[in-house]
Amino acid sequence: MRRIDLTPRPDWKSKAEAVGFTWHHADGRRYWDERAAYAFTLAQIEDHIELATQALHALCLDLVDEAATSDALM
């Protein structure tokens with residue numbers, strides 16, 4: 001993974017709010033941050049990120065199934 005330093009757009013906050021994204025700060029800290037981006041190699045994506053994403057997706061589907069069949073969780 002390679003970090004790429006960027007200069008935030010001067011109007012990023014107004015652009016975000018124009019499309020309804022108003023939660024760009026949390027507890028006084030920046031949630032949306034345009035000061036950096038990250039570049040991954042194809043191998044990093046295929047060997048690590050995709051596997052982790054598939055596992056997380058499966059966990060989310062399990063939780064949805066559990067919540068949909070539970071009066072307490074609904």
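Predicted model: local features only at pLDDT ≥ 70, side-chain atom pairs only at ≥ 80, totals over all residues.

Visitor: Is Asp27 buried or exposed?

Guide: A residue counts as exposed when its relative accessible area is over 50%. Asp27 has a relative accessible area of 77%, so the residue is exposed.

Visitor: What is the phi of Asp27?

Guide: Most residues other than glycine have a negative phi. Asp27 is a residue other than glycine, yet its phi is positive, at a value near 55 degrees.

Visitor: Which elements make up the chain, and in what order do they run?

Guide: The secondary structure comes to 2 helices and 4 strands. Read from the N terminus on, the order is β-α-β-β-β-α.

Visitor: Why is the chain described as more spread out than a compact globule?

Guide: For 74 residues the globule rule gives 11 Å. The chain is more spread out than a compact globule because its radius of gyration is well over that figure, at 18 Å. Along the principal axes, its C-alpha atoms fill a box of roughly 45 × 35 × 20 Å.

Visitor: What share of the residues in the chain is buried?

Guide: To be buried, a residue must have under 20% relative accessible area. Of the 74 residues in the chain, the buried ones make up 9%.

Visitor: How much of the accessible surface belongs to carbon and sulfur atoms?

Guide: The accessible surface of the chain comes to about 6,500 Å². The part belonging to carbon and sulfur atoms is 58%.

Visitor: How far apart do the centres of the positive and negative side chains lie?

Guide: The chain carries 8 positive side chains and 13 negative ones. The centres of these two sets are separated by 16 Å.

Visitor: Where in the chain is confidence lowest?

Guide: Across the chain the average pLDDT is 93, and 100% of the residues score at least 70. Confidence is highest in strand E1 (residues 2–5), at 98. At a mean of 83, the lowest confidence falls in residues 25–26, which form strand E2.

Visitor: Which residues does Pro8 contact, leaving aside its neighbours within four places in sequence?

Guide: Pro8 belongs to the loop between E1 and H1, and its relative accessible area of 25% makes the residue partly exposed. With those neighbours left aside, the residues in contact with Pro8 are Glu34 and Arg35.

Visitor: Is Pro10 buried or exposed?

Guide: Pro10 also has its place in the loop between E1 and H1. Its C-alpha atom is 12 Å from that of Asp33, a residue 23 places away in sequence. The relative accessible area of Pro10 is 88%, so this proline is exposed.

Visitor: How far apart are the C-alpha atoms of Gly20 and Arg30?

Guide: Gly20 is placed in the loop between helix H1 (12–18) and E2, and counts as exposed at 53% relative accessibility. Gly20 and Arg30 are 10 residues apart along the chain, and their C-alpha atoms are separated by 17 Å.

Visitor: What distance separates Ala72 from Thr22 in space?

Guide: Ala72 lies in the segment after helix H2 (42–68). With a relative accessible area of 74%, Ala72 is exposed. Ala72 and Thr22 are 50 residues apart in sequence, and from C-alpha to C-alpha the distance is 31 Å.

Definitions and conventions
Residues numbered from 1 in each chain as written. Heavy atoms only, no water. Rg over C-alpha atoms; globule rule 2.2 N^0.38 Å. Buried < 20%, exposed > 50% of the residue type's maximum accessible area, 1.4 Å probe, protein only. Areas by Shrake-Rupley, 256 points an atom, 1.4 Å probe, with all protein chains shown as cover. Lys, Arg positive; Asp, Glu negative; His and termini not counted. Charge placed at Lys NZ, Arg CZ, Asp CG, Glu CD. pLDDT = per-residue confidence, 0-100. Contact = heavy atoms within 4.5 Å.
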